[in-house]
Amino acid sequence: MTTTTSALARPASPLKRITSVAKLHFANPWTTLGLPWIILGVIFVGSLTIWWLIYSALSPEQRVGALQGTEFGGSSFFIFIYMMVVAIQAISITFPFALGYGVTRRDYYLGSALAFVALAVIYTTGLTVLGAIEKATNGWGMGGTMFAPIYFGESAPERIFVTFVLFLFFLFFGSAIAAVWVRWKATGVTVFFIIVGAFLVGLIVLVTFTDSWFAVGDTFVDLGVLGVAAWSLVLTAISGVAGFVLLRRATPRNAA
Amino acid sequence: MTSTIEVNNLSKRFGKVTAVDDVSFTVAENTICGLLGRNGAGKTTLMQLLTGQQFASEGTISLFGQTPVENAKVLQNTCFIKESQRYPEDFRPKDVFKTAPWFFANWDQDFADRLIADFRLPLDRRIKKLSRGQLSSIGVIVGLASRAPLTFFDEPYLGLDAVAREIFYDRLLEDYAHHPRTVILSTHLIDEVADLLEHVLVIDEGTLLINENAETLRARATNVVGMKTAVDTFVGTREVLHRDGVGGLSSVTVAGLSESERRDAKAAGLELSPVSLQQLIIQLTRTETKEFEASA
């Protein structure tokens with residue numbers, strides 16, 4: 001067989017090919033970095049306003065501990081779910097585009113995974129800084145809690161670990177969904193959620209029939225926030241591998 | 001001559017539909033090759049197979065001597081611009097041109113800038129606000145400025161006006177002369193690209209009908225025009241690809257003529273004219289397909 005090398009460009013190193021794909025996700029940072037922080041900012045301002053309304057309506061004695069309930073608030077939980085959406089969007093939008101640029105599916109997936117880990121680092125850093133300010137200012141001066149709720153852990157290192165691991169989970173779970181979407185479109189995603197739903201219902205049935213709800217509850221209490229977060233890494237790894245396997249055989253289509 | 005593309009007995013089936021049916025051909029290094037055929041003939045599927053975007057059902061593909069499927073060494077030398085190329089929604093054209101050089105080692109920014117000016121492409125507008133033609137020109141610019149050793153253009157100019165298409169052809173030829181590379185151009189506008197093409201592949205219903213040098217292909221047929229009786233006498237039992245007539249006049253497309261046959265025709269007072277590539281392909285892919293294959 002004849003091989004031509006004269007016209008070929010100098011091959012890029014595997015690392016460069018992967019980082020190029022990762023950079024692609026930040027080329028226009030609006031979807032991955034801009035919008036999520038803006039939405040989080042709007043929620044924060046909304047919360048501050050409500051806290052201030054409550055705070056200013058109370059007498060100084062009543063104010064102590066009035067906003068303690070916000071420790072169990074879930075307003076920053078949105079950002080985790082949104083990271084799943086970001087992962088789905090990022091892959092479904094750039095996959096056909098990158099393949100036209102002569103990127104292999106392997107390099108594409110590894111590059112995207114690298115971008116997702118970078119996103120997890122960036123968002124963890126953001127939440128940690130905001131959480132630290134929140135603690136230092138005694139809940140923005142009013143005892144409110146948004147960025148460091150109780151279930152992210154009690155100390156700063158705990159919170160960093162829990163948020164980082166949660167971000168990874170949602171990003172990679174999102175990338176698995178995106179791979180299903182890219183490969184089988186809406187039908188695939190529907191089937192995927194039916195399977196996930198059936199699995200969860202099956203678990204509930206199993207636990208109920210074996211009368212083990214207390215055991216399950218105890219296990220979670222024993223594991224604690226850190227233990228549960230650490231176990232989520234297993235699901236993250238399964239999602240990551242599943243996304244890779246599914247995307248390896250996916251073909252880009254023009255239809256949206 | 002070395003070949004950039006070698007395809008052997010390639011087939012692709014989607015369920016019961018055979019999109020590409022037992023196709024074999026080679027494309028020599030540094031040629032501009034036209035991939036022609038009607039809508040749904042299998043052009044896009046064939047190009048997706050060549051770039052490893054689709055997986056073959058049967059047969060082998062070799063680009064630069066290797067399989068393209070998931071092969072970074074091969075694929076980073078290719079650029080595939082699709083008819084309805086989708087771009088990340090939030091991208092502006094300038095984001096596309098910022099990211100393209102990360103993937104194409106031969107990218108020429110000056111050339112890209114010139115093309116952007118030629119096509120009058122607004123750089124700051126969001127992709128989704130661009131017109132069909134502007135969207136197409138992004139693809140054309142990336143395809144040209146990437147200078148990938150193997151570039152695929154799949155109907156690259158949806159919505160481009162005649163002036164813009166002319167710019168595309170001019171720039172392609174100009175740049176190709178300085179930076180030879182292999183270009184596969186799929187299109188409906190056969191006559192517009194006829195002069196560009198050095199090799200022609202015609203595909204119909206998944207089957208490769210024509211795989212020939214463009215010059216040889218043009219010499220395959222000639223129009224013979226004159227009085228009906230004189231034309232009929234000359235044509236005789238010759239293979240007729242197409243017949244047209246008005247009153248006593250007749251125009252017949254016959255398979256290639258030798259020099260002496262040409263002299264005979266002129267002597268008989270008949271007029272000879274070349275058949276345009278488009279006419280030829282329409283005639284060959286319509287009803288005479290079978291006859292042509294038999295003679296080929």
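Analyst: Strands (E, at least two residues) and helices (H or I, at least four residues) are DSSP runs, numbered from the N terminus, and two strands pair if DSSP finds at least two bridges between them. The model is predicted, so local features need pLDDT of at least 70 and side-chain atom pairs count only at pLDDT 80 or more, whereas totals for chains, interfaces and linings use all residues. Residues are numbered from 1 along each chain as its sequence is written, while chains are lettered from A and ligands numbered from 1 in the order in which they are written.

Strand E11 (residues 240-246) and strand E12 (residues 249-255) of chain B run antiparallel and are joined by six bridges. Across this pairing, B:His242 faces B:Thr253 of E12(B). Two residues lie between the strands of the hairpin, and B:Gly247 adopts a positive phi near 55°.

The wider setting includes a nonpolar core, meaning buried Ala, Val, Leu, Ile, Met, Phe, Trp, Tyr and Cys residues joined through C-beta atoms within 7 Å. A residue is buried with 20 or more other C-beta atoms within 10 Å of its own, and exposed with 12 or fewer. The largest such core holds 129 residues, and B:Leu201 and A:Met83 are among those with the most contacts inside it. Helix H7 (residues 156-209) of chain A contributes the most, with 16 residues. From chain B, at least three residues come from each of domain 1 (3-214) and domain 2 (219-295); these bounds follow an automatic or database assignment.

Contact here means C-beta atoms, placed from the backbone, within 7 Å. Apart from neighbours within four places in sequence, B:Leu201 touches residues including B:Phe25, B:Cys33, B:Leu208 and B:Asn211.

The contact between the chains takes 34 residues from chain A and 40 residues from chain B. On the side of chain A, helices H1 (14-24), H2 (30-57), H4 (78-100) and H5 (105-136) each supply at least two residues.

Chain A itself consists of eight helices and zero strands in its secondary structure. Its C-alpha trace spans about 85 × 45 × 35 Å along the principal axes. Of the 256 residues of chain A, 33% count as buried. Among contacts in chain A with a separation of 6 or more, 81% join residues 24 or more positions apart.

Terms used
Two residues are in contact if their C-beta atoms, placed from the backbone, lie within 7 Å.
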